[in-house]
Amino acid sequence: MIELKYVSKAFQDTPALTRITARIQDGLIFGLVGSNGAGKSTLLRLISGILKPEEGEITLDGSPIFEHMDVKKHICFLSDSATYFPNATPESMGGFYQIVYPLFDRDNYHSLLQKFNIPPKKKLQTFSKGQKKQISLLLGFSTGTRYLLCDETFDGLDPVVRQAVKSLFAAELLKREFTPVIASHNLRELEDICDSIGLLHQGSLLFAKDLDSMKCSLCKMQCVIPNHAKEEQLLSELSVLQYEKSGSLLTVTARGSRAEVLKLAQEKEPLFAEVLPLSLEEIFISETEVAGYDIKNLIQ
Amino acid sequence: MTSKISYSKFIKEDIRHRGWLAVLSAVLLLLCVTVSTILFVEASFSNNTQAGLEEQFDLLRNVFPALLNGSYNLFLSVLLLLLGALCAVTGFAYLHSRERTDFYHSLPLSRKQLFFLSYLSGLLIFLVPYLAACAFTILAGSGYGFLTISVLGRCGISMLGGTLAFLLVYHITILAMMLTGKVVTGILAAASLFFYGSITGALAADLPSFFLSTYCTGKERVWDHLYDFLSPLSMFTQILGVTAYHEAQDDSYIFSFSYFLRHLVRPSDTYSISVILAVTAVFLAALLLLTLLLYQKRPSEAAENALAFPRTAPYIKVLISIPTSLCIGVLAGSMYGSGTKWIILLSLLAVVLLCGLIEFIYNMDVRRLFAGKYSTLISVLGVAGILCVLQLDLFGYNTWFPEENSLESMSLDISQMYGYFTYPNTAALNAAYSPSPDFLYGKKYQQKDFAPIYALAGEGVENTRNGIDKLVSQNPSEDYMNITVRYNRKLGYSVYRRYAVSTDLALETLTALCGEESYRKQLFPIFYMDYDAVSAVRLTDIYFEPEVLDLTESERDALLDAYKKDVLNVDIKELQYETPIGELSIDIPEIPLSASLQVYNSKLNITLPGFYLYESYENSLSLLEEYGYTIRRKLDPDDVEQFKLMESYYTAEASADDTFTLPETNERIVTDPDEIADLVSRISYTSSRILGSVPVSGQSAEILLKGSKDPSYYSMILQDE
């Protein structure tokens, strides 16, 4: 398990991360979201041992990561811009990764190249940005490391490949001890893949929670209650995060389980009441508003 | 698991990624070592007779090792610099790119491992082709038949020198890469590190000489040695030179490119090979450790910033801008005249511009040219402070004069005397002859009874106080001359000063010193002559027709003995105020200095002139009479075909200016016998005097004697009308 305790990092005089404390549970996909410049890449670079924190500590199973090779060998970091040697080919890059990562599965890598229809002997400089990103992911998958840190991984991937990559994540999770950490500013991309989410904003971690429990503890309901007094009573009984009234239609986002909220609404004799699915974006909007952050500046 | 990483495979991969450099290195080294050496050897043997072949073999045995390390091969020297820099830049350029730094630093390798893997790859990219090229060259050389076991051993040492010189550049450039975050600033930093020691050393030695008229550094100071070994440029040239010529039979080849470079920077003593190798090894190890330490401390986020350690920015700015602007000031300012005002103005202008340039390099933003105000202010104040101290002589350097009782001894050097005397080893430029006197530094020339020198120095200090030294430097006069004095203090150190003193007092002092026979023996070149080496003695009088004296060996020795007696007895003032009536010249075998001389002039003699004869040299003159040689005191006008009378003068405009100008010259051919007779009555044999010649400007004449097959012209100074 990767654990961050009061981690701070500044670039010269500009603070990038401030006292971050979080845990990344093994075997789950951890999504790291936040606006541009929130500190997602910095956090991943700290976790992978590229940067040294000014304060706090980052440990993997209790051991510090920075400059500890026996710990770093469990982590593979995929940068937002894939780095390859001049004149390299997918095959030669595989050869290099095999030297550096002794658990690198070359057969698996070749098989993945084939599945993704990537010619192994073609020079990488002739590939498109998306293809380079694919190769980077395939190299990362094949390293056999326990943790795969992906910075803006899905940027530049077409929907088909994106889906295929998500399947790869799922397959790897089933196959071995594997914990991907995916940083993105695109909430929709992470919604259907991540198990837990950390939200970074202006260098601070607002929260890191399990996505299902977040979804269970919040619900969105639409109802029409003819009696205005009863409508007022419902709003006072619910732990409302957000509500909106359009004509006679009341839309409420409130804390509590779907059953509890619906039960309270039914008691007010509505003409119509139903619970709607909450998107990750709506959860964040609600949570961040509660946390006192201006949502308009938070999510792009 | 990291232990399972194959380092050799990693290095192989790294070299493969830098394949272009490996190919470039191999091709250039093959061209600059093997091909150029073979061409040199081929050229040496072309059009050579069998007799010349042996001489060529000797030459090649001396020069061949130097061709393997660049000491005798300019292209190879430059290539060592280029490859050292390229191997370092390509090996560590990833530190200057955020993406590539992230890539390398995310790998499960420690920074120490990464460092040594890149380091070794770079080293191998140079070393393998270099050793191969040297091996091919030696194989080719052995085919010509001049290589011996001893030369092969020297080739090995020379190759070691080449490798160490490469490592010096390599380490310096890696250090620069560690200190910076952009390739451009990395290359600039490497150049700065390489030349910084030399620039500051030269500046420290020479800058005061522009401001302090009495400034003299002396030699053998501790910081000079420090400079020799802490300046990479100086070390680079020393390593190449010393390892190339180690145990060479004739080390006169030492005046090669590397030594030229080194002496250009600052002349200094040479060191033994063991000292050079030991200091180089320590220096390289220290650089390596420092670089490794910096790599471990270097933040990854430094990539793409000008400097890896931004806190050092103002210090680096100050350290670079002050000496560089002073250098620019001195170089540019001295072109505008001999005064210091341009040096001051241009140094101050240069420091402001340099600070702006450095800030631009730091920020790449013209709007921030004058960011870092405090460091700019410190730089400007630093330059102004140094110039102020020197210009106003705030520490009283020029007027410093020690108490007489604080001195152990003193010595005096009158540079003007060196134009009057010619010593065998300076004329032949060879150490095989007795060394010429070193009045300033030689231990035996330090005078315990130094009262005359002290009095002379006292006048020098007084002249400096009164500004006479400046007047003398602007308008050279026969009445004043420059001397150098060494004060040996009882505290155990020596202080040197240059003074302008009156010629009369200098002559008095020299006369007093020459009261000791031992001093005269040190002064007069005749006492440095090895009679056995003398092949001929020539006599020249006012007719300027040098004649080889037909003497037996004993007669010749007797003549030289008589001359010795005369110089021991002569009143020194006579050597200043009287005109020589003729001179003896002595032939000694020439031991050539350079390879070309050895090839073409190896059997020649060299003639030492300047054994002047005066009317008071009775012993010599009577012996010459006895041998049948009479010195003609006057030129017979009937023997003169033509007089070319020349007059040199400075224009009024030119003399008002303190810049260097050539005098105007008027020429007039005189053939009228009456005028010739008049002119002949007024010429003297020579203008040479013990304390300097009669000034060059004024009337002089060139004379064509009758009966000469070819015109023979001799320059003579006319006596005052």
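Select domain 1 and domain 2 of chain A in this predicted model; their C-alpha centres lie 37 Å apart. The domain assignment places domain 1 at residues 2–211 and domain 2 at residues 217–298. With the whole of chain A displayed, its C-alpha atoms fill a box of roughly 75 × 45 × 30 Å along the principal axes. Chain A contains twelve helices and 14 strands. Of its 300 residues, 41% are buried. Contacts in chain A between residues at least 6 apart in sequence join residues at least 24 apart in 70% of cases.

**The open sheet of chain A**

Next, select strands β1, β2, β4 and β5 of chain A. These four strands form an open sheet in the order β2-β1-β4-β5, with antiparallel pairing. At its edges are β2 (14–24) and β5 (63–64) of chain A, each of which pairs on one side only. Strands of a sheet pair through backbone hydrogen bonds, either parallel or antiparallel.

**A parallel pair**

For the parallel sense, select β6 (residues 75–78) and β7 (residues 147–151) of chain A, which pair over four bridges. Within this pair, A:Cys76 stands opposite A:Leu148 of β7(A). Which residues cover the two faces of β6(A)? Show the side chains of β6(A): A:Ile75 and A:Phe77 lie on one side, A:Cys76 and A:Leu78 on the other, and all of them are buried. In a regular strand the side chains alternate between the two faces of the sheet.

**Where chain B touches chain A**

Bring chain B into view and select the residues that contact the other chain: 24 residues of chain B are in contact with 24 residues of chain A. On the chain B side, the elements that give two or more residues are α1 (7–17) and α5 (98–106). Helix α5(B) gives the most, with six residues. By class, this side of chain B has nine nonpolar, seven polar and eight charged residues.

Then centre on B:Glu13, which lies in helix α1 of chain B. Leaving aside residues up to four places away in sequence, B:Glu13 touches A:Phe96 and A:Ile99. Is B:Glu13 buried or partly exposed? B:Glu13 is partly exposed, because 19 other C-beta atoms lie within 10 Å, whereas a buried residue has 20 or more. For a distance across chain B, select B:Glu13 and B:Lys444: these residues are 431 apart in sequence and 65 Å apart in space, C-alpha to C-alpha.

**The nonpolar cores**

Finally, turn to the largest nonpolar core, which has 151 residues. Those that touch the most other members are A:Leu149, A:Val181, B:Ala165, B:Leu168, B:Val169 and B:Ile239. Helix α7 (residues 149–179) of chain B supplies the largest share of this core, 17 residues. Centre on B:Val169 and display its surroundings: not counting residues up to four places away in sequence, B:Val169 touches B:Leu80, B:Leu81, B:Gly84, B:Ala85 and B:Phe236. A second, separate core has 64 residues, including B:Met410, B:Tyr423, B:Leu584 and B:Leu624. In soluble globular proteins, nonpolar side chains tend to be buried together.

How values were computed:
Residues are numbered from 1 along each chain as its sequence is written. Chains are lettered from A and ligands numbered from 1 in the order in which they are written. This is a predicted model: local features need pLDDT of at least 70, side-chain atom pairs count only at pLDDT 80 or more; totals for chains, interfaces and linings use all residues. Two residues are in contact if their C-beta atoms, placed from the backbone, lie within 7 Å. Ala, Val, Leu, Ile, Met, Phe, Trp, Tyr, Cys and Pro count as nonpolar, Asp, Glu, Lys and Arg as charged, and the others, Gly among them, as polar. Domain bounds come from an automatic or database domain assignment. A residue is buried if 20 or more other C-beta atoms lie within 10 Å of its own, exposed if 12 or fewer, and partly exposed in between; C-beta atoms are placed from the backbone. Two strands pair if DSSP finds at least two bridges between them. A nonpolar core is a set of buried Ala, Val, Leu, Ile, Met, Phe, Trp, Tyr and Cys residues joined through C-beta atoms within 7 Å.
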